[in-house]
Amino acid sequence: MAVAVAQAHGVQAMFTLSGAHVFPLYDGAVKADPPMPLYDVRHEQTAVFAAEAIGKLTRRPGLAVLTAGPGVTNGISAIAQAQANGSPLLVLGGRAPAARWGTGSLQELDHPALLAPVTKRAATIAGPDDMARDVDEALRLAGTAHRGPVFLDMAMDHLFGSATAELGAVERAEPLVPDADALDRAAAVIAGARAPVLVLGSDVWSDGAEQAAAALARSVGLPVITNGMGRGVIGPREDLLVSRARSVAFGGADVVVVVGTPLDFRLGYGSFGKAAPAAVVHVVDSPAVLATHVPLAAGVGGDLTLALDGLRERLDRTGLRPEVGTWAAELRAAHLAAIAGDEAQLTSASDPIHPARIYGELHRVMAEDAVVIGDGGDFVSFAGRFVEPAQPGCWLDPGPYGCLGTAMGYAMAARLARPSAQVVVLLGDGAAGMSLMDVDTLVRHRLPVLLVIGNNGVWGLEKGPMQMLFGYHVAADLAPGTRYDQVVTALGGAGELVDHPDRIGSALRRGLETSAASSLPYCVNVVTDPAAAYPRSTFGI
Ligand SMILES: Cc1ncc(C[n+]2csc(CCOP(=O)(O)OP(=O)(O)O)c2C)c(N)n1
Ligand SMILES: [Mg+2]
């Protein structure tokens with residue numbers, strides 16, 4: 001019944017790791033018409049990360065099924081990440097039998113108490129008769145802005161019971177109409193700007209507002225900085241994109257309009273402007289996530305397409321001040337200068353290999369619709385700088401929760417959600433250790449992806465900062481040159497070690513071709529220079 005309800009909501013796959021507490025859910029998946037494919041993994045975090053990434057990529061809730069006790073607790077980091085990312089997700093958990101509760105049965109734990117802080121709702125389904133209604137409500141809640149994870153568990157004796165229910169059609173929720181006065185205020189602030197910047201974040205994509213966002217930027221000529229899944233809403237060839245001129249833009253802006261992302265550490269907690277503080281306009285998909293920790297010149301909460309179209313219509317009537325064009329041109333020039341300045345690193349012939357060279361080579365082999373996944377520290381920070389997605393919905397980073405270990409789960413989801421696109425997974429060697437065993441899952445389920453490891457033999461993003469803060473470092477070294485490619489090969493995939501810059505390009509090409517031809521993962525394990533740390537001024541704390 002749960003499976004039928006989930007299918008009615010568009011759920012197409014179940015990610016799980018076996019446990020007797022949830023067998024009836026497998027039975028339901030296998031016997032559903034059509035059957036729901038099961039992707040069985042080697043660690044529950046991979047199941048939840050995969051379901052989360054299905055939510056991110058398809059904008060419909062993903063489904064993970066976790067067995068009672070340790071199955072659920074193993075999934076918690078990924079659930080917390082889904083909460084921080086606003087990813088639509090349903091996690092169904094097994095639960096020790098109700099009839100034995102409190103008497104010491106295997107894996108007895110009251111999960112909802114543990115899950116409540118990291119979900120939109122965490123509850124126990126009271127009995128078989130409530131199953132259809134609760135799952136339906138959970139999927140609705142998870143998929144309604146502001147999106148996020150919902151957790152439900154069901155006692156084993158109830159789950160093995162039976163009930164009947166009428167399944168109604170699933171209607172789309174009505175979009176939340178943003179307040180007209182708030183839109184007027186926001187438009188007035190923008191119309192008075194001399195140096196505005198528009199920031200487009202993940203929820204622009206999640207809320208399906210990428211066209212409205214691009215239309216607003218283009219119609220009024222607003223310079224744009226993108227982040228998270230908002231990357232690619234304005235592509236690299238458009239003059240409005242100024243992401244690489246971030247510090248100039250945020251330093252000189254008098255108005256910053258932030259759409260679809262929180263005013264968190266990634267955006268200086270919402271404080272912009274060097275000489276004078278910039279006025280901040282926050283536009284979000286739900287009033288519940290409007291920033292409260294900084295003064296806002298205007299705040300709009302509601303459906304992002306309606307909000308952005310509403311702003312565009314108001315601004316089209318008034319027009320922006322003429323100096324905005326000069327400011328936008330200055331930012332674009334700074335953006336292009338930063339890109340031109342990358343060239344030396346992207347083509348670096350240094351030996352040991354500079355990680356930037358890997359990105360220089362990737363530029364040559366990556367298709368515009370490639371899904372790029374980053375799981376690691378410095379290696380992924382370099383990716384953020386050097387990889388500019390051409391389309392929205394193609395960039396998967398961990399988001400503000402920053403949990404390492406997403407790689408194989410996100411990779412599974414990307415392969416399933418985008419069957420014909422390249423899937424390029426960028427891994428730090430430290431991060432790789434957290435999910436590499438799930439290469440076995442990619443192999444068993446024939447999910448071909450390219451794994452590129454920036455193997456610097458250190459937890460780079462921790463080693464540098466500890467050295468800077470304490471003058472020494474500890475607990476930051478890994479074994480140098482570990483053959484992660486051989487791990488992938490041993491698990492049934494293929495791969496190779498690259499230790500010379502001139503061999504990166506051909507290895508990447510081979511990896512893409514071999515994985516596509518064999519339907520297996522391929523690992524290009526590049527030994528990089530541990531001294532080539534990502535230059536950073538803040539640690540996000
Ligand atoms: C689950 C988890 N544990 C620890 C951290 C802290 N952390 C952030 S970056 C990082 C280092 C990552 O090292 P690696 O993947 O090798 O990438 P590198 O920085 O060396 O390129 C660590 C340990 C984290 N973000 N998530
Ligand atoms: Mg490393």
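# Briefing: ligand shell, domains and sheets

The shell around ligand 1 divides into seven nonpolar, nine polar and three charged residues. Here Ala, Val, Leu, Ile, Met, Phe, Trp, Tyr, Cys and Pro count as nonpolar, Asp, Glu, Lys and Arg as charged, and the others, Gly among them, as polar. This is a predicted model: local features need pLDDT of at least 70, side-chain atom pairs count only at pLDDT 80 or more, and totals for chains, interfaces and linings use all residues. Residues are numbered from 1 along each chain as its sequence is written, while chains are lettered from A and ligands numbered from 1 in the order in which they are written.

**Ligand 1**

- Around ligand 1 there are 19 residues, and Gly 377, Phe 379, Gly 428, Gly 430 and Gly 460 come nearest. A residue is near a molecule or strand if its C-beta atom, placed from the backbone, lies within 6 Å of it.
- Three helices each give the shell at least two residues: helix 16 (378-386), helix 18 (429-435) and helix 20 (460-470). Helices (H or I, at least four residues) and strands (E, at least two) are DSSP runs, numbered from the N terminus.

**Domains**

- The chain is assigned domain 1 (2-159), domain 2 (180-337) and domain 3 (342-527). These bounds come from an automatic or database domain assignment.
- The centres of domain 1 and domain 2, taken over C-alpha atoms, are 36 Å apart.
- Seven residues of domain 1 and ten residues of domain 2 make the contact. Two residues are in contact if their C-beta atoms, placed from the backbone, lie within 7 Å.
- On the side of domain 1 that touches domain 2, one residue is nonpolar, three are polar and three are charged.

- Six strands form an open sheet in the order 2-1-3-4-6-5, with parallel pairing. Two strands pair if DSSP finds at least two bridges between them.
- Strand 2 (38-40) and strand 5 (121-124) are the edge strands, and each pairs on one side only.
- From one strand to the next, the twist averages 20°. Axes are lines fitted to C-alpha atoms, for helices over the stretch in contact, and angles run from 0 to 180 degrees between N-to-C directions.
- Seven bridges link strand 4 (residues 89-95) and strand 6 (residues 149-155) in the parallel sense.
- Met 154 in strand 6 stands opposite Gly 94.
- Helix 5 (residues 76-85) packs on this sheet and touches strand 4 and strand 6. The direction of helix 5 makes about 145° with that of strand 6.

- All six residues of strand 15 (residues 450-455) are buried. A residue is buried if 20 or more other C-beta atoms lie within 10 Å of its own, exposed if 12 or fewer, and partly exposed in between, with C-beta atoms placed from the backbone.
- In a regular strand the side chains alternate between the two faces of the sheet.
- Leu 450, Val 452 and Gly 454 point one way from strand 15, whereas Leu 451, Ile 453 and Asn 455 point the other way.
- Strand 14 (residues 423-428) runs parallel to strand 15 and is joined to it by five bridges. Val 425 has Leu 451 as its bridge partner in strand 15.
- Strand 17 (residues 522-527) also runs parallel to strand 15, through six bridges. Gly 454 is opposite Val 526 in strand 17.

**Backbone exceptions**

- Most residues other than glycine have a negative phi, and most peptide bonds are trans.
- Ala 145 and His 146 are joined by a cis peptide bond, with omega about -10°. His 146 sits in the loop between helix 7 (131-143) and strand 6.
- Asp 351 to Pro 352 is also a cis peptide bond, with omega near 10°. Pro 352 is in the loop between helix 14 (323-346) and helix 15 (355-365).
- Gln 107 has a positive phi, near 60°. The residue lies in the loop between strand 4 and helix 6 (111-115). Gln 107 counts as partly exposed because it has 18 C-beta neighbours inside 10 Å.
- Ala 475 has a positive phi, near 60°. Its place is the loop between helix 20 and helix 21 (484-490). With 8 C-beta neighbours inside 10 Å, Ala 475 counts as exposed.

**Asp 502**

- Asp 502 is in the loop between strand 16 (494-498) and helix 22 (504-518). Asp 502 is exposed, because 12 other C-beta atoms lie within 10 Å.
- Asp 502 and Ala 297 are 205 residues apart along the chain, and 52 Å separate their C-alpha atoms.
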